[in-house]
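Visitor: I would like to go through this structure step by step. Please start with the term that the helix packing relies on.

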Amino acid sequence: EMIWVEPGTFTMGQVGVTNAEPEHQVTLTKGFYLGKYEVTQAQYEAVMTGVTGDLNATPSNWHGYPNHPVENVSWDDLQVFIERLNEQQKNILPMGWAFALPTEAQWEYACRAGTVTAFSWGDTIISIDANWNHGNDANKTENVGQYSANPWGFFDMHGNVWEWTADRFGSYSVDAQTDPEGPLSGNSRVGRGGSWLSTAPSLHSASRRNDSSIYRSNQFGFRLSLQKVPHVVELNSTVDLEMIWVEPGTFTMGSPTTEAGRNNTEGRETQHEVTLTSGFYLGKYEVTQAQYEAVMTGNTDGLNATPSNWPNNPDRPVEKVSYDDIQKFLTRLNAQEAGNIPAGWAYVLPTEAQWEYACRAGTTTAYSWGDSITTDNANYSDSGYSQTRDVGQYAANPWGFFDMHGNVWEWTADAWGSYT
């Protein structure tokens with residue numbers, strides 16, 4: 001069972017909780033489904049029966065309790081579970097939607113359920129609130145749903161088992177965040193909620209811990225989400241590339257004659273209607289230095305895998321790359337991912353029309369946020385940095401794409417031509 005969670009804004013973190021400071025405002029622009037309960041042993045076994053290698057369809061320390069949460073599962077194990085589940089349900093799921101772990105922000109938003117207290121029921125905890133280490137407890141997992149649900153109907157968000165989230169671990173910033181997903185690189189992942197062995201502080205709504213993605217423990221399980229998710233390309237063990245599905249549609253390309261700063265030299269901004277008949281995936285962020293290096297290391301084309309003017313900044317966009325350089329990058333990426341790409345699909349640069357369609361994201365204003373720009377909106381000449389910044393430092397556009405304005409110019413597939 002899963003419950004729909006509406007988008008919204010909340011205060012994430014808590015003063016005085018280790019690794020959960022500073023408090024900061026988070027806005028989630030998209031709704032999502034989240035499991036009403038932690039995934040049980042029976043559910044895990046139903047998906048994982050038939051797995052091979054060091055995976056086990058019945059991994060739990062207290063095996064034989066179908067309604068206990070599954071535990072002794074690592075973050076990496078769960079990627080196999082999720083891949084198998086999505087494959088089993090592929091004819092049912094809408095395009096661009098998939099089962100996934102919730103992000104850390106999604107998890108805390110659903111856990112708090114509109115509350116601002118230490119726990120979703122208040123600021124103190126007693127034995128009847130959750131399965132936790134209070135001295136007279138079961139000292140093991142219990143059936144899911146034995147304690148009261150939070151205000152949005154979710155059970156066991158506090159205690160029973162720690163729950164893996166999608167995010168890599170990183171420190172918080174005081175700055176407001178939109179749809180945060182943690183650092184782009186790193187080896188440790190975030191667990192939330194505390195477990196049967198945890199004392200009260202670990203059960204706080206804001207409490208978090210970090211562990212290796214291969215870590216297994218009888219304290220660790222998970223809760224599943226269903227959401228519109230990026231297509232994720234694993235470039236190596238620590239570097240991923242995320243893409244978002246864009247539905248086909250019609251929009252007005254170019255700018256109106258009344259738009260401030262318009263440059264219609266050679267008809268470059270003449271307005272015209274464009275219809276895109278096919279959906280496509282587009283990078284959620286500009287390609288980073290780390291992503292470019294992961295693909296281009298060892299290339300035999302004489303190209304530098306670390307060409308940027310400001311090297312050794314893995315999460316900044318790669319720059320000093322030509323259109324021709326990018327064709328080599330794409331050739332190598334498609335070769336590396338040949339076994340994972342559906343027939344007839346390939347990684348390419350977006351067309352100019354695809355780029356503007358995704359940039360506008362349903363808007364008709366000069367920028368995707370309105371008709372004026374400030375240094376809070378993007379990294380551009382007035383920002384004062386005089387160099388690139390890490391991707392994702394500014395708010396995403398309405399469709400979830402970051403840095404469509406500023407940071408670096410982005411090559412498209414098209415040859416130059418005037419609009420008609």
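Guide: Contact here means heavy atoms within 4.5 Å. The model is a predicted one.

Visitor: Which residues of H5 does H4 meet?
Guide: By that cut-off, the H4 side of the contact consists of Gln291, Tyr292, Ala294, Val295 and Met296. The contact of H4 with H5 divides into six nonpolar, two polar and three charged residues. On the H5 side the residues met are Asp325, Lys328, Phe329, Arg332, Leu333 and Gln336.

Visitor: At what angle do H4 and H5 pack?
Guide: Helix H4 covers residues 289-296 and helix H5 residues 323-336, and their axes are 9 Å apart. Angles from 65 to 115 degrees count as roughly perpendicular, and H4 is therefore roughly perpendicular to H5. H4 passes H5 in a left-handed crossing. The packing angle is about 70 degrees.

Visitor: What is the handedness of the crossing of H1 and H2?
Guide: The axes of H1 (residues 41-48) and H2 (residues 75-88) come within 9 Å and cross at roughly 70 degrees. The two helices are therefore roughly perpendicular to each other. Their crossing is left-handed.

Visitor: How many residues of the contact of H1 with H2 are nonpolar, polar and charged?
Guide: H1 contributes Gln43, Tyr44, Ala46, Val47 and Met48. These meet Asp77, Leu78, Val80, Phe81, Arg84, Leu85 and Gln88 in H2. The contact divides into eight nonpolar, two polar and two charged residues.

Visitor: Is valine 5 buried or exposed?
Guide: Valine 5 lies in strand S1, residues 2-5. Leaving out residues up to four places away in sequence, valine 5 touches Gly31, Phe32, Leu34, Tyr109, Trp152 and Phe154. Buried means under 20% relative accessible area. The value for valine 5 is 2%, so this residue is buried.

Visitor: How far apart in space are valine 5 and leucine 34?
Guide: In sequence, valine 5 and leucine 34 are 29 residues apart. Leu34 is among the residues that valine 5 touches. From C-alpha to C-alpha, the spacing is 7.2 Å.

Visitor: What is the radius of gyration of the protein?
Guide: The secondary structure comes to six helices and 16 strands. For 420 residues the globule rule gives 22 Å, and the protein comes close to that, so it is as compact as a globular protein of that length. The radius of gyration is 23 Å.

Visitor: What percentage of the residues count as buried?
Guide: The C-alpha trace spans about 80 × 45 × 40 Å along its principal axes. Of the 420 residues, the share that counts as buried is 49%.

Definitions and conventions
Residues are numbered from 1 along each chain as its sequence is written. This is a predicted model: local features need pLDDT of at least 70, side-chain atom pairs count only at pLDDT 80 or more; totals for chains, interfaces and linings use all residues. Side-chain values use heavy atoms; hydrogens and water are left out. Axes are lines fitted to C-alpha atoms, for helices over the stretch in contact, and angles run from 0 to 180 degrees between N-to-C directions. Helices (H or I, at least four residues) and strands (E, at least two) are DSSP runs, numbered from the N terminus. Angles under 35 degrees count as roughly parallel, over 145 as roughly antiparallel, 65 to 115 as roughly perpendicular and the rest as oblique. A crossing is left-handed if the near helix is turned anticlockwise from the far one by less than a right angle, and right-handed if clockwise. Ala, Val, Leu, Ile, Met, Phe, Trp, Tyr, Cys and Pro count as nonpolar, Asp, Glu, Lys and Arg as charged, and the others, Gly among them, as polar. The radius of gyration is taken over C-alpha atoms; the globule rule is 2.2 Å times the number of residues to the power 0.38. Buried means under 20% relative accessible area, exposed over 50%, partly exposed in between (1.4 Å probe, protein chains only).
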